[in-house]
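Please look over the sequence and the 3D model shown here. The report below walks through a few of its parts.

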Amino acid sequence: MSGKIALSTWPTPLEPMPRLARALGLGEGDLWAKRDDLTGLGGGGNKVRKLEWTVGGALAEGADTLVTTGAAQSNHARLTAAAGARLGLDVVLVFPGTPESATGGSGNLVLDGLFGARIFWAGDGEPSTLAQAAEDVCEQLRREGGRPYLIPFGGSSSLGARGYVDGGNELLVQLPEVRHVVVAVGSGGTMAGLIGALGEERVLGVHCGAVSEPASAVAGFAGGLTGRSVTPGALRVRTDQVGAGYGVLNEPVLEAMRTAATLEGIVLDPVYSGRAMAGLIQAVRDGDVRRGERTVFLHSGGLPGLFGHAQTVHRCVTALHGFKAV
Ligand SMILES: *Cc1c(COP(=O)(O)O)cnc(C)c1O
């Protein structure tokens, strides 16, 4: 069975974003950031709340090794590595591609190495190849007498999503009158958990292109979590920020990153939180989010990934402003 463990100090801060609110034509007190980028483990991010449940499950089963999968720049993999380090568990991360294909070996990979995780490169192939490779790694560890525990892609399962029921309930204490929570949708567990706490009406997801059917993924986890049937069609999921695809920088996202950075000093990442902010800005323009409605941007983290994203690094560095001494 599962017992939740503590991997951070809660609650995370809820901070107003008055300059951004004003720039978007909202009231100064309308826009807030729930700072889940500041969760105190391994560089922070939304995966920490899920790991409190999934790693709790691993410990309850007597596991000695955590195994998980994701892209080479996976924030979830990095935080699994950190959780393993904190708890004295071995960690094996199963990534697609080869060491050579992992551009520059920067960003999250730097931290995976620092936390002492082992990496298995699964080569190129269908996404199912990756899942199979993770099963194979577990099988090998068992043959060697180990007790592996497989955490699913993105840490998302109905168990992991419970972390965001916790997060949603925490937010309700901080801002009971919250009308919208805007969140990036990757594997979908974060949005599912928030729905568990806040209901379908108040959660606005922004699809990042990581899965093919985001609303179905979220509805699946939310159904398992709440024990009632959740209809994909009843969910608020924007799909207009995917652009050229998962992980590919697009102009509205870079613009949203600049807006948050220059108006609030908040760093977003090009894959997830920048897309969520671009979706929030568009939702205000569309009238889906209006003046007078308390709106929370769930800052899900991702800063290390920014430094592993060559395209974004290049665009930011070439935009550096000079200062002329006279
Ligand atoms: C994984 C991730 C998300 C998406 O969370 P899911 O629960 O997978 O939908 C959002 N932002 C960041 C920074 C992430 O790493």
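## Leu109 and its surroundings

Leu109 touches Ala72, Gln73, Phe95, Ala102 and Trp121, leaving aside residues up to four places away in sequence. Touching, or contact, means heavy atoms within 4.5 Å. Leu109 belongs to helix 4 (residues 108–114). Helices here are DSSP runs of H or I with at least four residues, strands are runs of E with at least two, and both are numbered from the N terminus.

Is Leu109 buried or exposed? Leu109 is buried, with a relative accessible area of 14%. Buried means under 20% relative accessible area, exposed means over 50%, and partly exposed lies in between (1.4 Å probe, protein chains only). Leu109 and Val248 are 139 residues apart in sequence, and their C-alpha atoms are 18 Å apart in space.

## About the model

This is a predicted model: local features need pLDDT of at least 70, side-chain atom pairs count only at pLDDT 80 or more, and totals for chains, interfaces and linings use all residues. Residues are numbered from 1 along each chain as its sequence is written, and side-chain values use heavy atoms, with hydrogens and water left out.

## Nonpolar cores

The largest nonpolar core has 31 residues. Such a core is a set of buried Ala, Val, Leu, Ile, Met, Phe, Trp, Tyr and Cys residues joined through side-chain atoms within 4.5 Å. Met17, Leu31, Leu268, Met277, Leu280 and Phe297 have the most contacts inside the largest core. At least two residues each come from helix 1 (18–23), strand 2 (31–35), strand 7 (180–185), strand 8 (203–207), helix 9 (251–264) and helix 10 (273–286). Helix 10 gives the most, with 7 residues.

Met17 touches Leu31, Trp32, Ala33, Glu264, Ile266, Met277 and Phe297, again not counting residues up to four places away in sequence. A second, separate core has 26 residues, among them Trp53, Ala81, Val91 and Tyr149.

Two strands pair if DSSP finds at least two bridges between them.

Strand 8 and strand 9 run parallel, joined by 3 bridges. Gly205 stands opposite Val237 in strand 9.

How many residues of helix 7 (residues 189–198) are buried? The count is 9 of the 10, so helix 7 is largely enclosed by the rest of the structure. Gly189, Met191 and Ile195 are among the buried residues. Gly199 follows helix 7, and its phi is positive, near 90°.

The axes of helix 6 (residues 162–174) and helix 7 come within 7 Å and cross at roughly 50°. Axes are lines fitted to C-alpha atoms, for helices over the stretch in contact, and angles run from 0 to 180 degrees between N-to-C directions. Helix 6 and helix 7 are therefore oblique to each other. Angles under 35 degrees count as roughly parallel, over 145 as roughly antiparallel, 65 to 115 as roughly perpendicular and the rest as oblique.

## Helix 9 and helix 10

The axes of helix 9 and helix 10 come within 8 Å and cross at roughly 90°. These two helices are therefore roughly perpendicular to each other. Pro252, Val253, Ala256, Met257 and Ala260 in helix 9 meet Gly274, Arg275, Met277, Ala278 and Ile281 in helix 10.
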